[in-house]
Amino acid sequence: MPETASPTLTDRMADAIRFLSLDAIERAGDGHPGAPLGCAEIAVALFTRHLKCNPADPEWPDRDRFVLSNGHGSMLLYAALHLAGYAGLPMEQIRRFRELGSHTHGHPEIAPELGIEATTGPLGQGIANAVGMAVAEAKLAAEFGPGLVDHRTYALVGDGCLQEGIAHEVISLAGHLRLAKLTFLWDDNRITDDGATDLSISEDVRARFRAADWQVIDADGHDVESVSAAIRLAQSDPRPTLIACRTVIGRGLPRLEGQRGAHGGRVFETDLAEARAAKGWDHPAFTVPDDVAAAWRRGAAERNRAAYAAWQARREALPAPVRAEFDRVSAGRLPETWLDALRTQRDRLAASGAARPSIEVSAEIVAALSEAIPELFSGAPDLEGPTRHKGALHAFTAQDRSGRYLHYGIREHAMGSMMNGIAAHRGLVPVGATYLVFSDYMRPSLRMAALMNLPVITVYSHDSIAIGRNGPTHQPVEYLASLRAIPNMLVLRPADAVETAECWEMALANRHGPSSLICSRQPLPALRRPGGPENRSARGAYVLAEAEGTRQVTLIGTGSEVALALAARDALQAEGVPTAVVSMPSWEAFAAQDEAYRRQVIPRDTVRVAVEAALRFGWDRWIGEEGGFVGMTGFGASGAPEALFRHFGITAEAVAEAARARLA
């Protein structure tokens, strides 16, 4: 039935979101109308009353961040950004919703140049990204002061976001850190895709947040004034805030309003006619009345002009070195001196010649880099002792925002996604350290970092069965293959201290995707002495030991197993078999080389044998189906490392025998 009360201008500003969303979803034949229709007033309150932004400069460093955690409701964001005046989202992009090549994807993920911050697909990732953004803001504000850094992070979250396990981790940590500039706007519609929320949950969500030391405010999600008042209250509390916005899913779509089908239900032409009649919206498809468009521009763009101009004036008044440093970190550029510092460390390691665990070497490198890269921000999930990636860095806490090490607690899920948020925010270089088997807890965040081109560095220790007596649950036989399977993920497994430094150089130079640095718990012998000026690891694989004579055998290893390949080479050479050893710290970097180089390093007319304390999966690309492989075929066992390598046949003699068998 048509609404009897005449809609106000504010009502029509919300309805502009509704009808742009409905028109786009109907045209695409697909989409999720529930959230855009149910949260339209929330968006009006936030974007036109509170969000600090400049549509003419979408990447303004001191803008507020808005994360649409329930990213399936993407038309809410696209409509709001279009109405706010972001040039990258004109009406043509709204018309092309979900079309190949458009900016208006089904799930937008990230595009700060369009006004889209981290807006993830997997539920729970977005709110964790938001917590990371709030950490980045607090750290940068402590360094550069509130004149340059003083913004807030908002996340629109649904029941799906809050029920995912990762939500428990980040809610707890955000409250502990007292991230006062973090606000969650909860779309409390009491509906999930399966039906009413009481099918699966009976806890008091508000009490859960209060227990984690959050401020909790209730608001009518369909009353712009109510939501706006709640946001004002959030801005004056020293704790993070949950605003519980009571809403009706699919509001304004008579056939589906308040029903589970509104979540992702199909929208038909008859629905558009009924919705227009119910709301008294008599404008054609993809049309926004002039007075509504003007009100949106006033609220979202003109409202912020004075603040933007004042910020630019403060930036210009800074001493030139301070301004240059702020501009550098805001743009995500590393200092010019970082490479010199790293290579000095590499040369020192090469000169030492000591056998060292590569996780220990990595920790020393982080300590050295922390001086050369002041924005380096480290952390680990309750593994400071085993990974040692804190060094002299002091902790980032609720009381001290200047710290550069975050104690994530026993929260690998949180660490992975928060690092994504830190990287998406810009200004810091996030580094996280944990055990390789725990990368499974980080799987969604690792995939999203790769998909979103985020330069996140994760250092993994305990890389193989060589961790020994802890047993197979901690022995990561399949994880190298699983990380290598992620597109845009740079996987690095160094063979000694020098390669560890070279792999760190590769990880830091990789500014368009995540890097996984796989380190050993056990000491690795020094294989590269002296280091030499060239980063030999940068090409992914290189000949570490040439064959004496015309090469007949190529032995390929990664990490700790390169030493086994060298020992096998000695045995084969002693038998008169010319054998070369290739160290292959990165499949991805090697695959990026030209074919001539790849054939030079791993000739196909030689016997090829690979050795890696992991599963064979993926190795056939480099050794062929008939190539030899010495490694694992199943899970590990509990025992001393040396005994385990003998038990599973990962020995120099086994490598040599695999070559002999193929020479016959």
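This report walks through the strands, cores, cysteines and aromatic rings of one predicted model.

Let's start with strand β4, which spans residues 153-157 and has 5 of its 5 residues buried. Side chains in a regular strand alternate between the two faces of the sheet. Here, both faces of β4 are covered: Thr-153, Ala-155 and Val-157 are buried on one side, and Tyr-154 and Leu-156 are buried on the other.

Strands in a sheet pair through backbone hydrogen bonds, in either a parallel or an antiparallel way.

The largest nonpolar core holds 109 residues, and Phe-184 and Trp-504 touch the most other members. Helix α6 (residues 125-144) gives the most to this core, contributing 12 residues. Leaving aside residues up to four places away in sequence, Phe-184 touches Ile-127, Ala-130, Val-131, Ala-155, Val-157, Ile-171, Phe-209, Trp-214, Thr-241, Leu-242 and Ile-243. Two of the names in that list, Ala-155 and Val-157, also turned up above on one side of β4. There is a second, separate core as well, made of 66 residues, including Cys-53, Leu-89, Ala-111 and Ile-116.

**Leu-376 in β11**

Leu-376 sits in strand β11, which covers residues 376-380. Is Leu-376 buried or exposed? Its relative accessible area is 0%, so Leu-376 is buried. Not counting residues up to four places away in sequence, Leu-376 touches Val-366, Leu-369, Arg-404, Val-429 and Val-431. As for Arg-411, it is 35 residues from Leu-376 in sequence and 20 Å from it in space, C-alpha to C-alpha.

β18 pairs with strand β20 (residues 579-583) in the antiparallel sense, over 3 bridges. One of the residues involved is Ala-545, whose bridge partner in β20 is Val-581.

**Aromatic pairs**

How many aromatic pairs are there in the model? The count comes to 18. Here are two of them, side by side.

| Pair | Centre to centre | Angle between planes | Type |
|---|---|---|---|
| Trp-587 and Trp-619 | 4.9 Å | 75° | edge-to-face |
| Phe-590 and Tyr-597 | 6.2 Å | 65° | edge-to-face |

The tryptophan pair links distant parts of the chain: Trp-587 belongs to helix α23 (residues 587-591), while Trp-619 is in the loop between β21 and α25 (620-623), 32 residues away. Trp-587 has a relative accessible area of 9%, so it counts as buried, and Trp-619 is buried too, at 0%. Phe-590 and Tyr-597 are likewise both buried. Ring pairs join these residues into a cluster made up of Trp-587, Phe-590, Tyr-597, Trp-619, Trp-622 and Phe-629.

**Cysteines**

The model has 0 disulfides. Take Cys-39, which is in no disulfide: the nearest cysteine sulfur belongs to Cys-245 and is 7.8 Å away.

Cys-519 is in no disulfide either, and the nearest cysteine sulfur, that of Cys-503, is 8.3 Å away. At 0% relative accessibility, Cys-519 is buried as well.

Conventions: Residues numbered from 1 in each chain as written. Predicted model: local features only at pLDDT ≥ 70, side-chain atom pairs only at ≥ 80, totals over all residues. Heavy atoms only, no water. Disulfide = S-S within 2.5 Å. Buried < 20%, exposed > 50% of the residue type's maximum accessible area, 1.4 Å probe, protein only. Helix = DSSP H or I, 4+ residues; strand = E, 2+ residues; numbered from the N terminus. Core = buried A, V, L, I, M, F, W, Y, C linked by side-chain atoms within 4.5 Å. Contact = heavy atoms within 4.5 Å. Pairing = 2+ DSSP bridges. Phe/Tyr/Trp six-rings, centres within 6.5 Å; stacked < 30°, edge-to-face > 60°.
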